[in-house]
Amino acid sequence: MADSSQKTLRIREFPIDENPGHTYLNHEKGILSWLFTVDHKRIGLLYLGSVILFFFVGGMLALLLRTELLTPAQSIVDADTYNQIFTLHGAIMIFLFIIPSIPAALGNFFLPMMIGAKDVAFPRLNLASWWIYIFGALFALYSIITGAVDTGWTFYTPYSTQTGTSVVSMTLAVFILGFSSILTGLNFIVTLHKLRSPGLSWSKMPLFLWSLYATAVIQILATPILAITVLLLAMERILGIGIFDPSLGGDPVLFQHFFWFYSHPAVYIMIVPAFGIISELISTYSRKTIFGYWAIALSSLAIAFIGFLVWGHHMFVSGQSELSSVVFSFLTFFVGVPTGIKIFNWVATMYKGSIDLKTPMLYALAFLFLFTIGGLTGIMIGALSINVHLHDTYYIVAHFHYVMMGGTVIAMLGGLHHWWPKMTGKMYNEFWGRITCGVIFLSFNMTFLPQFIMGSQGMPRRYFNYVDQFQGLHQFSTIGSYLLGVGFVMMAVYLLWSLFKGPKAPSNPWKARSLEWMTSSPPTHHNFEYTPVILHGPYDHHKPMKEFRMGVAEESESPDVIEIDKDPA
Amino acid sequence: MNRIIEYMLPPQRSTTASDVDSLFTFINVSGFILFMGIMITILIFVIKYRRKSEDDVTPVITHNSILEVAWTVIPIILILIVFSWGFRGYLTLTSPPANAYEIHVSAASWLWQFQYEGGGSTMNEVYVPVDRPVKFIMSSEDVIHSLAIPDFRIKMDVLPNRYTTTWFQATETGESILYCTEYCGTGHSEMLATVHVLSAEDFEEWLETGLEVDEDMPLADVGEQTFTSAGCNACHSLDGTDRVGPSLLNLFGSDRELVDGSVVVADEDYIRRSLIDPQAEVTAGYPANMPSYSGRLNERQIDGLIAFIKELQD
């Protein structure tokens, strides 16, 4: 008998129902049951659908840009339209797609499941986040209809305070979207602190959740600065208060400081969740314990922290003081260290593993290739004297596409395939999955590698016309972008096929060890029909599978019940 | 490798370019070695440790402190080298020599104006001496622009509320492109200028004669020259197509409907007023964003433009 200070927990194994009649998908029916659901899984899918829609819109805009750039002079659109298209491409991809992409879609779905919770801590707030996001998106749409914005997604003053286009409604959209981001972050932090299942200590938390935790911290601390900045911008435009506009006595460089104080940490809102997915994928498909758990978990927090101190590296030639530039350059390089640590630990995880090149693992490997290039070129542009040459050229465009698309989007695709069977209850076609991954990987490089060369040669970004010497490289890049489009169409086709005609997915097709795989595919309304109890870490592939399906046993149950320490040291 | 790097960079035409390029090469080469190291390791692991059966058992390796320290410390050493190197180059780039020849640069949407020490100015063309430091003292009349000359590896934003500076010392005579690299609206990608690097004697001679007006040139030819040198061509076509502003073809003598609804005839005085105070009478359907040429063009150039526009009839 245990005494009162040392509580024991009676647990037993709970077998998984492989063919659940009742799932979160058929729990309620009708469009309203989706739009007003408080189920984190359904909200995750609402987000997933929304971000895919905006990725499609942003992608089509990108293809228009690349088509215009086939020739050095005007071909399909005029200069003003081109400027509006690249502004919308950037703003949609950043604010409507990539910031909510992994955390709000996959994070919403899997964060509660991975800690054995029924839902996030504030389900109604979670639904509110999605609605706020939709309102923000509508405002963005409104600004497109009423006269598109042509400032670039960065809204630099004084251009943005003088241009005739509807900057105010666009910044209002960004302001609203920011709140959605803050509320999601808040929800995740509280959920991770308060709703973890018995036995799920911080050291047994899947690394995806550590990365979402680090992301949520940045969302809460940095997003308000963006809200203040766009509010000041709106005040300047509507009320004529001089803050950034020199003709009203303001300082345009101040805007850049405000803007990048948010937007640099925001880069880590975009990429850190991707790190989390890669940790899950590499361990699962190598069927091996993750190497350097704490190194990976803490490096996410380190990146989140250092990320707040490096915004000035966007401003080396902006007219900020030389001393500031030197300090920011110095600090910038220290983001590279924790990032490198992650890459080395992932590679070490594969050592002596049992590597299965399923589609998600192919995406993880593609991520390592592309993101490493993105990271190393980041070292290049962090160096002061080279940055002067490469600043605002296509080198920068190529660099952030390697990080954002080669990193975040590729990781998200890996995560999407990895969790597809769990979310939909259907298997996707492995053959077409692999082929498509190959097409996307090759065409991505074809699109963006030439841009490094153009940038080094001096091709400025945001140019509607360009000097003839760059035409060959531009055309190569455009053809790559068309193939990239083909890759995404292929993916849409086989995923839709899988949704309607795909074979039924087993509960744990990858033999993964984290908690979301210990329930049926698709999950039931409350994720688990019992309270899960965690005995082992999420990557303990050497422990028997049945020990990962433990839950709190009822008082009356006697066979197979084990008694354990409630708070193991 | 050297040939690839050479292909990737514009020609080196300033004294500071080679140091920047050496660092560029160093990071590319060391980055390439590191990258290939990681990729080959991954490739070997994928081949050697591919899944043989569903029952594969893998060893439990949780961490290795020596490795963790090694791949923390070695990158720190590398980035400190890169930082110091970039820092040293940046100090040179931001410290113009005291004896530099100074040129005042004024940027406006969308043209560059260069004013020389002895008086006189040029538009969208700048003439500089070879082998002598040249310092640009820059300001903008409207939004933020940025002056970049890739051949010299220099770039600096041009701000509306203060002066910024940059400098270079050209190492060979010839022409280089000057770009605006801070997005500034419709004509951003047309905001280019040409840098003419002249030998010391040619530069002195150009200062004596180049800024003077050729009295014998016919007025319409002066206008045609001014049309490109003043950057009119960024926004106005000669063949009837609409760009940012109206085409100049058949402009002279036509009725112009203004934004306020009134109609004026495009006579000599209207064209003159449009150059000196462009915002006063804007043709309906076009943005009011033409910069004022007051003080930028001399009387002869204005007369020339009017004569040139007069001839543009089909």
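**View 1. Where domain 2 of chain B meets domain 3 of chain B.** In this predicted model, 13 residues of domain 2 of chain B are in contact with 9 residues of domain 3 of chain B. On the side of domain 2 of chain B that touches domain 3 of chain B, the residues comprise 5 nonpolar, 5 polar and 3 charged ones. Domain 2 covers residues 101–209 and domain 3 covers residues 219–311, while domain 1 of chain B is made of two stretches, 2–50 and 60–93. The C-alpha centres of domains 2 and 3 of chain B are 25 Å apart.

**View 2. An open sheet of 5 strands in chain B.** The strands of this sheet follow the order β3-β2-β1-β5-β8, and their pairing is mixed. At the edges lie β3 (121–123) and β8 (164–168) of chain B, each of which pairs on one side only. On average, and with direction ignored, neighbouring strands of the sheet are turned by 25° against each other.

**View 3. The pairing of β1 and β2 in chain B.** Strands of a sheet pair through backbone hydrogen bonds, either in parallel or in antiparallel fashion. Here β1 (residues 101–108) and β2 (residues 111–115) of chain B run antiparallel and are joined over 5 bridges. In β2(B), B:F114 is the bridge partner of B:V105.

**View 4. The contact between chain B and chain A.** Chain B brings 69 residues to this contact, and chain A brings 73 residues. Within chain B, at least two residues each come from α2 (17–48), α3 (65–93), β6 (145–149), β7 (154–158) and β9 (174–180), and α3(B) gives the most, with 15 residues. The side of chain B that touches chain A consists of 41 nonpolar, 17 polar and 11 charged residues.

Terms used. Residues numbered from 1 in each chain as written. Chains lettered and ligands numbered in written order. Predicted model: local features only at pLDDT ≥ 70, side-chain atom pairs only at ≥ 80, totals over all residues. Pairing = 2+ DSSP bridges. Helix = DSSP H or I, 4+ residues; strand = E, 2+ residues; numbered from the N terminus. Axes fitted to C-alpha atoms, helices over the stretch in contact; angles between N-to-C directions. Domains from an automatic or database assignment. Contact = placed C-beta atoms within 7 Å. Nonpolar A, V, L, I, M, F, W, Y, C, P; charged D, E, K, R; others polar.
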